[in-house]
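Trainee: I would like to learn how to read the packing of helices and the layout of a sheet from a set of coordinates. Could you take me through an example?

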Amino acid sequence: MLELARKINLSENLISKLELFLEEKAKEVERLAVRCETDSFSCLKGKGKMMNLAVILFLAVRVKEKYSEKGISDEIYYDTMGDIKIWCEKNGDEGLEKYGWLKNHVSFELFRIGRLQFQFYRCNNKTLKYKKLPFSYGEKLIYVHIPEGEKLEKERCIDSLRMADVFFADFFPEYSYSHYFCESWLLFERNRDFMSPCSNILSFMSLFDIRYSMNIDVQTIERVFGKRRIIVNRYPEKTELQRRLKSYIKSGHRPGIGVGVISRERVQNL
């Protein structure tokens with residue numbers, strides 16, 4: 001676990017804390033990790049940030065065996081597990097507070113391939129407007145996620161999609177799917193109303209066939225401003241995006257999320 005922690009560049013201070021924690025709690029970490037694999041991650045509820053981190057790292061080490069069996073590269077493995085670092089940084093490098101997202105990584109269901117992440121996804125979301133979508137309830141898809149920490153450059157995203165298509169064809173040929181799917185604030189159709197025309201976000205949007213949008217602003221507020229403020233004037237204006245979005249909200253508008261798809265056929269012709 002400590003070797004993996006160093007490989008994904010967790011802070012030295014956090015690694016030192018983790019080392020001391022494992023000296024006392026190694027057996028409990030293994031016991032909880034086994035429960036997570038066989039039952040559910042709910043057993044981590046209330047166990048604390050260091051325990052959450054230790055269990056996720058334990059499972060990340062275990063899943064490496066599946067990567068090796070499939071012949072998936074170490075690069076993809078370490079890039080995928082690098083999300084652990086991002087979520088530790090969000091928590092002030094004190095461990096992991098929110099482990100629910102990372103269970104996808106350690107369960108061999110999500111992979112970072114280049115700039116983007118790709119997840120096996122059987123679409124059983126009853127809230128989606130299926131009449132506006134080119135697939136049905138229960139259909140197999142690949143969910144596209146956008147990890148934080150790097151610029152969202154269009155060419156890198158195209159390369160990522162191309163590589164993902166080859167990846168799933170090579171390592172999971174039995175998984176039949178026709179579309180890549182994404183539901184995100186980055187795909188909100190009216191982003192064009194307030195973002196710079198040369199924005200990387202708008203370039204990313206252009207890759208998708210955006211089927212519809214919803215004025216649900218939670219994701220946008222969190223990602224752009226960090227947290228919601230009751231008084232709009234108290235939102236920060238440190239970046240151009242913050243200034244543009246703040247002005248948009250002050251004008252009486254509300255940001256939201258968009259639902260977009262890319263057909264596999266289109267990805268193969270990008």
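Mentor: Let us begin with a definition: an axis is a line fitted to C-alpha atoms, for a helix over the stretch in contact, and the angle between two axes runs from 0 to 180 degrees between their N-to-C directions. Keep in mind throughout that this is a predicted model.

Trainee: How are two packed helices described, and at what angle do α3 and α4 pack?

Mentor: In general, two packed helices are described by the angle between their axes and the distance between the axes. Here, α3 and helix α4 (residues 74-81) pack at an angle of about 150 degrees, their axes lying 11 Å apart. Because angles over 145 degrees count as roughly antiparallel, α3 is roughly antiparallel to α4, and α3 passes α4 in a right-handed crossing.

Trainee: Which residues make the contact between α3 and α4?

Mentor: From α3 come A60, V61, V63, K64 and Y67, while α4 contributes D74, I76, Y77, T80 and M81. By class, the residues of this contact of α3 with α4 divide into 7 nonpolar, 1 polar and 2 charged.

Trainee: What span should helix α3 have, given its 22 residues?

Mentor: At 1.5 Å a residue, the 22 residues of α3 (residues 49-70) should span 32 Å, and the end C-alpha atoms of the helix are 32 Å apart, which agrees. Just after α3, G71 takes a positive phi of about 80 degrees.

Trainee: Which residues have a positive phi although they are not glycines?

Mentor: Among them are N9, with a positive phi of about 65 degrees, and D93, with one of about 55 degrees. N9 lies in the loop between α1 (2-7) and α2 (12-38), whereas D93 has its place in the loop between α5 (83-90) and α6 (103-106).

Trainee: What angle and what distance between axes describe the packing of α4 and α5?

Mentor: The helices α4 and α5 pack at an angle of about 15 degrees, with their axes 4 Å apart, and that angle makes α4 roughly parallel to α5. The contact is made by D79, T80 and M81 of α4 together with D83, I84 and K85 of α5, and by class this contact of α4 with α5 has 2 nonpolar, 1 polar and 3 charged residues.

Trainee: In what order do the 6 strands of the open sheet run?

Mentor: The order is β1-β2-β3-β4-β6-β5, and the pairing is mixed. At the edges stand β1 (110-113) and β5 (209-214), each with a single partner strand, so one side of each is left without a neighbour in the sheet. Neighbouring strands of this sheet are turned by 25 degrees against each other on average, direction ignored.

Trainee: In which sense do β2 and β3 pair?

Mentor: Strand β2 (residues 116-122) and strand β3 (residues 140-145) pair in the antiparallel sense over 6 bridges, and the bridge partner of R122 in β3 is K140.

Terms used. Residues numbered from 1 in each chain as written. Predicted model: local features only at pLDDT ≥ 70, side-chain atom pairs only at ≥ 80, totals over all residues. Heavy atoms only, no water. Expected span 1.5 Å × (residues − 1). Parallel < 35°, antiparallel > 145°, perpendicular 65-115°, else oblique. Left-handed = near helix turned anticlockwise from the far one by under 90°. Contact = heavy atoms within 4.5 Å. Nonpolar A, V, L, I, M, F, W, Y, C, P; charged D, E, K, R; others polar. Pairing = 2+ DSSP bridges.
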